[in-house]
Amino acid sequence: MALPTSVKLFEMAPRDGLQNEPGEIVPTATKIALIERLANTGLAHIEAVSFVSPKWVPQMGDAAEVMTGIHRRPGVVYSALTPNLKGLENALSAGVEEVAVFGAASETFSQKNINCSIAESLARFEPVLERANDAGVRVRGYVSCVLGCPYEGEIAPQKVAEVAKALYAMGCYEISLGDTIGVGTPLAAKRMIEATRQQVPIEFLAAHFHDTYGMAMANLYAVLEEGVSVIDAATAGLGGCPYAQGASGNVATEDVLYLLAGLGIDTGVDLQAVIDTGYWITGELGRKPSSKVALAKGRVSF
Ligand code: HMG
Ligand code: MG
């Protein structure tokens, strides 16, 4: 199958990137500055915050302040995770224009992450979709653990397809498939996409890969070959899920941009500006980007 001619990037650093940051709560002003810098790089879809329980994810406790504090750049969509109606109402009050519900292909992970079964989560998302629809807000859907679960191990592609189908049928405009703990390999990624595309058209599927085992780039190339044209990535490779022990960062936006540029695939994003933003935010966090491209370009110019 031919590679896509253009790819939509969904930037995860402010939400998936910072939600798992250990230690001090990242200051609200830093979160706002990160989102604004990212929006200046050409990234047009930024997952900015999550409206979840601050007891569960303290780093996202200032979601409303962040959302109301950013200067919104026209043409950029700033979205938020909302696990339930309470989260959605808080998001709407903060003027959020797009939200996401997040389910899983693993029962145990669903319990650990959102404290309910897969079936209960889907039932909980229905009124979120209805209310969001009434408010004119688009809803994205996530399926976690699509290539493995920290508690259950292997996950059947059929299970991923089933949950993706339910989210799509409910009205999610796009389904993001999360290798939450980054254990996938390219053939498994292809098989998972092949099963899922039987239920949801390929143009509505996104790849959300974490890089724990260094396989994210290979997995992305594999699913690009399957026709996937939406990629979630986090600048500087920030990220991880607090309810998936050992999960490391998302694939780095810098690395994805380098890959796509090499393949001649258009994104409209300025790689150097993303590299600069990655160095800035990791400087604020007291470390270096985990992006190989950022590290290489930081040392040599070519
Ligand atoms: P629960 O304890 O079952 O909720 O948690 P509850 O409805 O029984 O409420 C308990 C308390 O939480 C109440 O407060 C509620 O008001 C409050 P209290 O009366 O005790 O003071 N509450 C809320 N507060 C703020 N915002 C809300 C909210 N809802 C209830 N929306 C719940 C259920 C879903 C809330 C909880 O489990 C939770 O917040 N989980 C979030 C976990 C999370 O954010 N995980 C990371 C994101 S998912 C991810 O990273 C994966 C992804 O990147 C894809 C991939 O990589 O695979 C997307
Ligand atoms: Mg994630």
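**View 1. Protein donors of the magnesium ion (ligand 2) in the predicted model.** Three residues supply the donor atoms: Asp16 through OD, His208 through NE2 and His210 through NE2. These donors lie 2.1 to 2.3 Å from the magnesium ion (ligand 2). Along the sequence, the donor residues follow the spacing D-x191-H-x1-H. Asp16 sits in helix α1 (residues 13-19) and His208 in strand β7 (residues 205-209), so this pair ties together parts that are 192 residues apart in sequence. Both Asp16 and His208 are buried.

View 2. What does Ile35 touch, leaving aside its neighbours within four places in sequence? Its contacts are Pro14, Ile46, Ala48, Val66, Ile70 and Tyr78. Arg15 gives a distance for the view: Ile35 and Arg15 are 9.8 Å apart, C-alpha to C-alpha, and 20 residues apart in sequence.

**View 3. Strand β3 and its pairing with β2.** Strand β3 covers residues 77-81. It is mostly covered, with 5 of its 5 residues buried. Val77, Ser79 and Leu81 point one way from β3. Tyr78 and Ala80 point the other way, and these residues are buried too. Strand β2 (residues 45-50) runs parallel to β3, and 5 bridges join the two. Ser50 stands opposite Leu81 of β3. Between β2 and β3 the chain passes through helix α3 (residues 63-69), forming a right-handed β-α-β crossover.

**View 4. From β3 over helix α4 to β4.** Helix α4 takes up residues 85-93. Together, β3, α4 and β4 make a right-handed β-α-β unit. The strands β3 and β4 run parallel and are joined by 3 bridges. Ser79 has Glu98 of β4 as its bridge partner.

**View 5. Strand β4, enclosed, and its pairing with β5.** How much of strand β4 (residues 98-104) is buried? The count is 7 of the 7 residues, so β4 is largely enclosed by the rest of the structure. Both faces are covered. Glu98, Ala100, Phe102 and Ala104 lie on one side, and Val99, Val101 and Gly103 on the other. Strand β5 (residues 138-144) runs parallel to β4, with 7 bridges between them. Ala104 stands opposite Ser144 in β5.

**View 6. Packing of helices α5 and α6.** Two packed helices are described by the angle between their axes and the distance between the axes. Helix α5 spans residues 107-114 and helix α6 residues 118-134. Their axes come within 9 Å and cross at roughly 55 degrees. Helices α5 and α6 are therefore oblique to each other. On the α5 side, the contact is made by Glu107, Ser110 and Ile114. On the α6 side, the contact residues are Ile118, Ser121, Arg124 and Phe125.

Notes: Residues are numbered from 1 along each chain as its sequence is written. Chains are lettered from A and ligands numbered from 1 in the order in which they are written. This is a predicted model: local features need pLDDT of at least 70, side-chain atom pairs count only at pLDDT 80 or more; totals for chains, interfaces and linings use all residues. Side-chain values use heavy atoms; hydrogens and water are left out. Donors are N, O and S atoms within 2.8 Å of the metal (3.2 Å for Na, K and Ca); water is not among the atoms, so sites may look incomplete. Helices (H or I, at least four residues) and strands (E, at least two) are DSSP runs, numbered from the N terminus. Buried means under 20% relative accessible area, exposed over 50%, partly exposed in between (1.4 Å probe, protein chains only). Two strands pair if DSSP finds at least two bridges between them. A crossover is right-handed if, with the strands pointing away from the viewer, the path from the first strand over the helix to the second runs clockwise. Axes are lines fitted to C-alpha atoms, for helices over the stretch in contact, and angles run from 0 to 180 degrees between N-to-C directions. Angles under 35 degrees count as roughly parallel, over 145 as roughly antiparallel, 65 to 115 as roughly perpendicular and the rest as oblique. Contact means heavy atoms within 4.5 Å.
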